[in-house]
Amino acid sequence: MSAGTQYYIATILVYISVNAIASWGLDLQFGVTGVLNFAFILFQAVGAYTAAMLSLGPPSSNGGFQHYPFGVHLPFPVPIIGAMLVGGALSGIVGLITLRRLRSDYQAMVMLVVSVVATVVIESVIGLANGSAGLSLIPNPAHTISGVSRTAQSWLFVGICWLCMVLVGVIMYGLVYSPYGRVLRGTRENEAAIEAMGRDATRARMQVFVIGGAFGALSGALLAEFIGAWAPSDWLYPETFVFFTAVIVGGRGSVSGVAIGAALVCVGVQQAVQYLPIGSDPTVLASLEWIITGLLTMLFLWMRPQGLLPERRRRFSIPELRKLPAVGSEGAVELDA
Amino acid sequence: MPDVDALLVVEEVAKSFGGVHAVDGASFRVPRGSLTGMIGPNGAGKSTVLSMIAGAVAPDRGSIRLDGQEIAGLPSPKTARRGVIRTFQNASVFPHMTVLENLLLGVPPWSGETVAAALFRRHRWHREEAQQVSQARNLLERLGISGMADTFAGQLSGGQKRLVEIGRAMMSRPKLLLLDEPMAGVSRTLAPVIEALIADLRNEGMTVVLIEHELALVERLCSPVVVLAQGRVLMQGEMQEARANPEVRKAYLVG
Amino acid sequence: MSVFISALGFGVVTAAILAISAVGFTLQFSVTNVFNLAFGSVMTLSGFVAYWLNQVGVDIWLAMLAAAICGGLISVAINELLYEPFIRHGVNLFGMVIITISVGLIFDHGLQAVVGPSFFSYNAPAGKALHFADFVLTRQELAIIAIAAALTAVVQGALQYTRLGKAMRGLAVNPALARACGVPTRSVIALAWFVSGALAGIGGVALFLDISTFTATTGSEFLIVIIAAAVLGGVGSPRGAVLGALVVGVVTEVGGAYWNPQLKDVLAFSVMIVVLLVRPQGLFAQLANERAVAR
Amino acid sequence: MSTRNGTRLLTVGGAVVAALGVAAWGSNSSAGSTGNAQSKSSGVKAAVATTGSVEVAIFHAFSGPNAAYGPEAGAGCYPAERLINAAGGILGHQLVCTPVDSKGDPADAVPAANRMIASSSNLVGVLGGGSDTATSVVPLFQQAKIPVFSTTGQSAFDKTKDTYFWRILSPDAAQGSAMAAAAKKLGFKRVAALFGNDSAAQGSAPTAVSGVKRLRLKVVANQTLAVGQTSYRSEAQAMSTAKPQAIVSEADPQTSATFFSELSQVGQVPKLITDPVSQEPTWRKAMIGAIGKSALDQRDYAVVAYSPMTSQAYKVYTAALLASSKQVSKPSQWDADLYSVADYDSVITMALAMDAAHSTKPGVYNAYITKVTSPAHGATVVHTYAAGKAALAKGKRIQYVGAVGPLAFNRYHNAGNQFAIEQFVNGNWKVSSVLSAAEIRAASGL
């Protein structure tokens, strides 16, 4: 396999893992708990910027052509962990403002606005993160390992990303398939009822906001380290919608489904469109990507709202009971609504 | 009845929505171990009183004491943790969760429901959960819907949803159970089942407050009854007294 | 002072465009409860219809009328062919928000695939600037303000005093009751979509005239500000939408004049968020109050 | 998974495929109807290119806010493709230009670049990496050992160590200094600065402002516009109040048009000192819509790389451009676009380097790029590919002097250029004066 092919495959693998991590973060909020977080892409951005500043040298390094508040040049994995902490914390602050008092539809709109506001602020206040030019020359931790080829370093970074993905996946399984996950799903299903059973729905939402935000930030951190640059054009607010599509296509609340959804929607559609034999006007191809994303969402909400791999129905097997004949329920003949 | 052992004491609670006095200084007591009926014409404020006791609505003034402790104004989850569990006028289940899971959410908040426990103490909550699952299965057996343990609650009929909702409340072993028109939307076949279930709960010594329209049912089940009209308590006593009370008759005629 | 006055004048222009669109957005939401994020695309599409007419020599104000009719028809079509079927299919309100986003994306990028990523402008001179004390406005801007004032007054009056308007309000507050009282639900809803789309069309043309160049995604970008105005006023209240538009318009321009103009939108959005935190139902919301949107 | 589930999955999968098909059909018809598909002749990707051809990628934004970058570079590449192939190709290989969409953001550009590198075996060079994506994609081409001719203006590349990086035009910082020098040269005393907050404009803004100050002109206003806003009335009002004689400005078409249309409403639009962006057709189109053609042409002074637009190389380029209407939509709109011209020179340079190296291997010919452009004693000066190829065939050393002028690459592979002030007169850009190196030094202080 040529080096070029290897880089390409490595890129695809990195993007799959990064998008799976991000989609899981959104799934925890939207799919499992029912929070419409239209600002999700912002937390990916926060993670990317944090990781960039934690791993870059001071702003004066590299000829001082970019402006940012600080650069501390910390070794891997500190920038990634720092990104998660900052992403989670900021998510918590946004959650505190919006989740406590606002109606659910207003929440969604306020999130949308928050996402736009963040873009405007970052573009306008150059000192925060170098404006719309964004930060570049972000070091890739795998490239610091000497004595191996560039291809090997690429594969090493793929390894880091997939390790992170597996870890986040395990955490997702742990959270979703547990009594805690049951409370989250209860919050999604019926807020009044879950509160009447003694669970605090707002607290549940806050928690998933923080955890999901941290996952989003992790994805951003990995992405920024991989591509070596991060700019506002990477996280315009419609990008959040791609993750929503991934969650809907994969299956809301389904951990493995959402991973598949992320691979298909966030990576697959984009790649597939490039190979479509329909002439080579790149503008049309880019439009087509968005059109397909929109169509996929509508198609799935119509034909298969539960997604490719639906949320797993929890069955609690008790061996002895299995042997009993199914009890014909008197309710089965009931005719009322 | 100052001498009875009251589990719940409601004094002078009031609530208005946009200038309309839904509840206007209501006071009554719920004796421990009783099945107290709450009746009154439409718009009398029964559901609002129930919501205030359950913490879903904060009263404008007045006091609500459970076992002598003030619970007025506590938010719904905290009230529930004190042992006050309610059902809703529209049977309120978690539609995309199985019947069994609905019941498991009836268990009072427990250690398996924190992030840390979910991730790091799986062994422990697995064991606890197994016990709860077997309890829930027994309860389903008793409710007569054990065959539907793995059915999504949203797919059930209205009466079955009501059974699940009451079952979920029973799982929590409440100190005080508040039932808001449990017969609403229930078919004729299932109504007697639910009535028998409520009677059983009373016989087992659970304290229950029941809002109900059908007076015959209230008469069969409840003692005492609290009669509300226009946000005030007209009387508290036995059903026969209520029927005899001219004020109550007037209120029902007006209502 | 003169800076303040002139900024105030500009604020009123922005507010006028916002008000036309925000009233359309909020009216349709209050009647149908669909948070229609494809509204911006309807603005763009109608704006382009006006552009094509303008290109073949139609006067821009006439083209605006055509855009209004076109926007109304597109809006009704979207509802009949997409939203209604999805609602009947059992998609909940959150799902509908996502569907409206999808529709908006498909429209915007479909249009972009046809017209390309290029810039467009109407062939319509802004006219000489008129000075009233420190207010400086062009004839075009004055016309837009007049149109906005007239339209919002007509919509408000129609809601208040005509039978159809009352039916619409009834449907907004309590659909079941309205239906029981013999309100012809289907046609009233269709009318709400038409009026909303027509206002989107007029708002779109007014916006494109005002900013002088536009692309296939300009309407959707402006939608966020429209939503801010509508939410600020209390979604579902046309009067609130006008008030919200005024607040957003004036705050952005006056704030921009005295503070960093790059951050003027941020200022408006912050006002919106703060107002919502203090008054979660919005500034002016009787209708919205009645129907907290839950799942 | 049960069979039933499996069937369902299949159904859904089928539906997705169908949707893709429908979408593809839709876009196909739309592309056909507008008739501005970028290149019908070059086919889809390398896969369709004829065997034996070599490929130059136009790696730029074709969508998103910078969507003009792609067609602009195409207007340089296709004429070069036409001339090179007309001269018999490079070492027997036909040259093919292939557009690849970077979308203008790093996160989309990186996989697109990697896919391009992986999927085309005959990729010999890249035009691309504008200011929006250069820092993230140039390292990828460096790794892949493929020469990349960039039009980025970022100072990050002023002293780059990337040996496969080449830049013909001066960085934005030099552009800013030149604009300040132009303000001085044109005799303005009261000058305002107006720049978009996008990455391209922000590259030249700081040196433009500092240059104006250094030249002791009065900066009466210094504004940064948040791009893509729906109005800049407050900014326009403030600008009008400041009463500058000239505005030194760089902003994208839409932002410029919105601002200046509003400025013209509240007062007079003063003279404009702009950068090469103002020679782009999209900018002119938008600005003409905003303030009218005659007003624009009277006021606008574009400070651009000095290229003797009367030169032989330039004439050859424009003729080839106008003949390339199949691949370039409305080719005449690009004939004075500096970036298009620079991209044309880039492709010709690559081709000549391959000839000189007797190899189309990127890793080999990269070292010959300076050899065919640098002045050397006895070198034959050539202005076209055909002439260069012929001279090389005779074993001569050559110096290609392109449409932008001589390409004097320094050790950091930056060529840099002289600057001139141009005005649009009678449908053409005319040089009104040339800025000397001393004048620019006075502004930059370097």
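**Salt bridges and contacts in a four-chain predicted model**

Biologist: Which residue forms a salt bridge with A:Arg188, and how far apart are the closest N and O atoms?

Modeller: The partner of A:Arg188 is A:Glu189, with the closest N and O atoms 3.1 Å apart. A salt bridge here is a side-chain nitrogen of Lys or Arg within 4 Å of a carboxyl oxygen of Asp or Glu. This is a predicted model, in which local features need pLDDT of at least 70 and side-chain atom pairs pLDDT 80 or more, while totals for chains, interfaces and linings use all residues; side-chain values use heavy atoms, without hydrogens or water. Residues are numbered from 1 along each chain as its sequence is written, and chains are lettered from A and ligands numbered from 1 in the order in which they are written.

Biologist: Is A:Arg188 buried or exposed, and what about A:Glu189?

Modeller: Both A:Arg188 and A:Glu189 are buried. Buried means under 20% relative accessible area, exposed means over 50%, and partly exposed lies in between (1.4 Å probe, protein chains only).

Biologist: How many salt bridges are there over all chains?

Modeller: The search of the whole structure finds 34. Five of the salt bridges are between chain A and chain B. One of these joins A:Arg182 to B:Glu101, at 3.8 Å from N to O.

Biologist: Which chains have the most contacts?

Modeller: Four pairs of chains touch, and chains A and B have the most contacts among them. Contact means heavy atoms within 4.5 Å. On the side of chain A, 41 residues are in contact with 57 residues of chain B. Chain A and chain B bury about 3,900 Å² between them, with 59% of it on carbon and sulfur atoms. That area is what two parts lose in accessible area (1.4 Å probe) on being put together, summed over both.

Biologist: Which residues of chain A lose the most area to chain B?

Modeller: They are A:Arg182, A:Met197 and A:Phe316, which together account for 17% of what the side of chain A buries.

Biologist: How many residue pairs are in polar contact there, and which elements of chain A take part?

Modeller: The interface of chain A and chain B has 14 residue pairs in polar contact, both residues being at pLDDT 80 or more. On the side of chain A, the elements that give two or more residues are helices H6 (150–176), H7 (179–189), H8 (191–196) and H9 (201–227). The largest share, eight residues, comes from H7(A). Helices (H or I, at least four residues) and strands (E, at least two) are DSSP runs, numbered from the N terminus. A polar contact is a pair of N or O atoms within 3.5 Å; within protein, one must be able to donate a hydrogen and the other to accept it, and residues adjacent in sequence count only if both atoms are side-chain atoms.

Biologist: Which chains does chain B not touch?

Modeller: Chain B does not touch chain C, the nearest C-alpha atoms being 11 Å apart. Chain B and chain D do not touch either, with their nearest C-alpha atoms 17 Å apart.

Biologist: Turning to chain B itself, which residue meets B:Arg232 in a salt bridge?

Modeller: B:Arg232 pairs with B:Asp24 at 3.2 Å, N to O. This pair links distant parts of the chain, since B:Arg232 is in strand E10 (residues 232–237) and B:Asp24 in strand E2 (residues 20–31), 208 residues apart. With a relative accessible area of 45%, B:Arg232 is partly exposed.

Biologist: And what about B:Asp67 and B:Arg32?

Modeller: Their side chains meet in a salt bridge at 2.6 Å, N to O. B:Asp67 lies in the loop between strands E4 (61–66) and E5 (69–70), and B:Arg32 in the loop between E2 and strand E3 (35–39), so the pair ties together parts of chain B that are 35 residues apart in sequence. B:Asp67 is partly exposed at 34% relative accessible area, and B:Arg32 is partly exposed at 40%.

Biologist: Which residues are linked in a network of salt bridges?

Modeller: The network links C:Glu141, C:Asp210, C:Glu253, C:Lys264, D:Arg233 and D:Glu235. D:Arg233 and D:Glu235 are among the buried residues of H7(D). Helix H7 (residues 233–242) of chain D is mostly covered, as eight of its 10 residues are buried. Just after H7(D), D:Lys243 has a positive phi of about 50°.
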